[in-house]
Number of protein chains: 2
Amino acid sequence: MSDDLQKALAGVRAEIDGIDAELLNLLNQRARCAQKVGEIKAEHGEAGHIYRPEREAQVLRRLQDANPGPLPNEGITFFFREVMSACLSLEQPLGVAFLGPLGTFSESAATKHFGHAARLLPQASIDDVFREVESAHAHYAVVPVENSTEGAVGRTMDLLLGSSLKICGEVVLRIHQNLLSNETDLSKITKVYSHAQSLAQCHEWLNRVLPNAQRISVGSNAQAAQKASEEAGVAAIAGEAAATRYSLPRLAENIEDEPNNTTRFLILGKHDAGPSGRDKTSLIMSAPNRTGALYELLLPFSHTGVSLSRLESRPARHALWEYVFYVDIDGHRDDPTVKAALDELAGRAAYLKILGSYPVAVY
Amino acid sequence: MSDDLQKALAGVRAEIDGIDAELLNLLNQRARCAQKVGEIKAEHGEAGHIYRPEREAQVLRRLQDANPGPLPNEGITFFFREVMSACLSLEQPLGVAFLGPLGTFSESAATKHFGHAARLLPQASIDDVFREVESAHAHYAVVPVENSTEGAVGRTMDLLLGSSLKICGEVVLRIHQNLLSNETDLSKITKVYSHAQSLAQCHEWLNRVLPNAQRISVGSNAQAAQKASEEAGVAAIAGEAAATRYSLPRLAENIEDEPNNTTRFLILGKHDAGPSGRDKTSLIMSAPNRTGALYELLLPFSHTGVSLSRLESRPARHALWEYVFYVDIDGHRDDPTVKAALDELAGRAAYLKILGSYPVAVY
């Protein structure tokens, strides 16, 4: 490196060193504040309630709004989650149960929400994930609840019906599709394997970039990746997890036509969250099996002007009702309009269970 | 939550909010400085050399030395790595090849060194990892080179002999052993499966905690974990990766008698690193096959007072020499004493290849 360059860099590096020293002190000052919060709570007999999802959401939203750049909001959110995670774990490291093994989207969701200082507890099934928190082996659970292309995760929804756990947060993960192949040249690809849904998701991209390649649908994207790892001239459409599992290079990334392919996860705990200013409330309701029953159940929301962001029906496993309805509404159950809607609903529904109020996913 | 508690918390939270606002501005100020560094380098025709391993090591060491707590040095190092990773990726996101799949120790090493803003490129073999960087598909490679219990990673050492890549860094990962079982009570464990080496590593712990359990050695810890996932009354000794792969709860953690079970990884790139103040130099040397040859090769180090931190012999695959020696020495090849030793060595060795000088692992 030239002396000229060295000299030019020295000034900027001194500036960076000064900033780092300030960052170091502020991070520790913040950690001491977090310790103080823990002490105050302990004095008031609330030592168990260290983690406040609503407070965390507020902090992150405020920082995103205030972020002047050049660091993107995603990076800023990542840091501050990690800062809060580290500060929290000085008090009480959080145990977080999720559907294992490692390298799944559930693990990404858990880390995205709780940061790297949390203790991850992978489980063999969604049932086990619920059980870990119910039996107090873990503080929180992370479970998938719906995918924007594949729809609801039935097992999670069925377990929510019977569980005592509350929803205290949600995480939305964007799911990307990639073209995976050991070939290094697109012109060598003669066959593309994937799940029919994934092929459909990348339809336009395939028309444009690989118009002559044969498209073959298989049972899963992982199966497609396996084929691509074994045969020449073959590519698979699959996500990050399959790419890493079969060590397949990504010949093209983010090839989905619709860029909003997401999976939504719920955070479950013993309590739901306080109001954060931008919240959702989830509930399960049912009515006797007669004409107009669902319509009547929706009236309270219409009366009070509360918006439904999701309505999903599932066959009931009791004899009493034919269907149960899973509903997400905008707002916190402590908001006056939401409270009014829920009070009215309680009078009409044969069955009503409030799963919890929680902050809308921060990013 | 009581009003009293709310009031007590309000003051601390206001303080935290103030700190967060300062952190936000400093992080972005730092990112702007990093952009300035990029611009200065581009003006001097050095745009390709954005990542400076020696500078990163210096920054992290200084921050560790200055850290007043309560945040542990490990947490501080994690943050600042991530800050540097994010700042760097504003300029040029680094592509990092490693031995896949995801969830391996190699991936942990790559993320530990390059942060989450780096682009991870999992490969099917160590050969492929080298090739990705040699062919400029990736900027850097992360390869395992030795394990404190299992010894050298032969394939990496053989490839280093023929490759044009330089070592520009090292990462040391601590490897922990856990007792994995679906049983929730230690008294239910009648058999413990593991690799013989792992059983030996946890010998004292087993004597103390499970004196009556039968110890059965199997081919690998993963195989042991599989047995534990299938049979009642069985536990396995294995690492994190096997725990997550077989979704086995950890009945006990960090049970290794010797707490220093580590794996060392090398970071490879097109260049090695400049001096950071605490460096290592790795080299490969060989001598004609005659009595006293190794002794003669070691003389230059003894003459100059340069310490060897590692010496490993491997059978040569050429006919000319019987053995090649892999040597790590303390110091940078630009340090006068190291330079003198290497100059003297060049005159004595039949074969000498300097693999690179690089900062000693930061944590």
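## Backbone geometry in the loops of chain A

A:Ala136 lies in the loop that runs between α5 and β3 (140-147) of chain A, and in this predicted model its phi is positive, near 65°, although the residue is not glycine. With a relative accessibility of 56%, A:Ala136 counts as exposed. A second residue of this kind is A:Ser247, a non-glycine residue with a positive phi of about 45°, placed in the loop between α10 (240-245) and β10 (250-252) of chain A. A:Ser247, however, counts as buried, at 9% relative accessibility. Most residues other than glycine have a negative phi, and most peptide bonds are trans.

The peptide bonds also include cis cases. In chain A the bond from A:Gly69 to A:Pro70 is cis, with omega near 10°, and A:Pro70 belongs to the loop between α2 (53-66) and α3 (73-91) of that chain. In chain B a cis peptide bond links B:Gly69 to B:Pro70, with omega about 10°, and B:Pro70 is located in the loop between α2 (53-66) and α3 (73-91) of chain B.

## Overall organisation of chain A

Chain A contains twelve helices and 15 strands, and its C-alpha trace spans about 75 × 60 × 40 Å along the principal axes. Of its 363 residues, 53% are buried. When contacts between residues at least 6 apart in sequence are considered, 75% of those in chain A join residues at least 24 apart.

The domain assignment for chain A gives domain 1 (178-252) and domain 2 (273-359), and the centres of these two domains, taken over C-alpha atoms, are separated by 42 Å. A:Ser247, described above for its positive phi, falls within the bounds of domain 1.

## Packing of α5 against α6 in chain A

Helix α5 (residues 126-134) and helix α6 (residues 154-162) of chain A pack at an angle of about 35°, with 9 Å between their axes, and α5(A) passes α6(A) in a right-handed crossing. From α5(A), the residues A:Ile126, A:Asp127 and A:Phe130 meet A:Arg155, A:Thr156, A:Leu159 and A:Leu160 of α6(A). By class, this contact comprises four nonpolar residues, one polar residue and two charged residues.

## Cysteines

Over all chains, the count of disulfides comes to zero.

## Helices α11 and α12 of chain B

In helix α11 (residues 293-304) of chain B, the buried residues are B:Ala293, B:Leu297, B:Leu299, B:Pro300 and B:Phe301. Their cover includes β12 (279-286), β13 (308-315), β14 (323-330) and α12 of chain B. After α11(B) comes B:Gly305, which has a positive phi near 75°.

B:Ala341 sits in helix α12 (residues 336-348) of chain B and is buried, with a relative accessible area of 0%. Apart from neighbours within four places in sequence, B:Ala341 contacts B:Pro300, B:Phe301, B:Thr304 and B:Val306; of these, B:Pro300 and B:Phe301 are among the buried residues of α11(B). B:Ala341 and B:Ser135 stand 206 residues apart along the chain, and 33 Å separates their C-alpha atoms.

Definitions and conventions
Residues numbered from 1 in each chain as written. Chains lettered and ligands numbered in written order. Predicted model: local features only at pLDDT ≥ 70, side-chain atom pairs only at ≥ 80, totals over all residues. Heavy atoms only, no water. Axes fitted to C-alpha atoms, helices over the stretch in contact; angles between N-to-C directions. Helix = DSSP H or I, 4+ residues; strand = E, 2+ residues; numbered from the N terminus. Left-handed = near helix turned anticlockwise from the far one by under 90°. Contact = heavy atoms within 4.5 Å. Nonpolar A, V, L, I, M, F, W, Y, C, P; charged D, E, K, R; others polar. Disulfide = S-S within 2.5 Å. Buried < 20%, exposed > 50% of the residue type's maximum accessible area, 1.4 Å probe, protein only. Domains from an automatic or database assignment.
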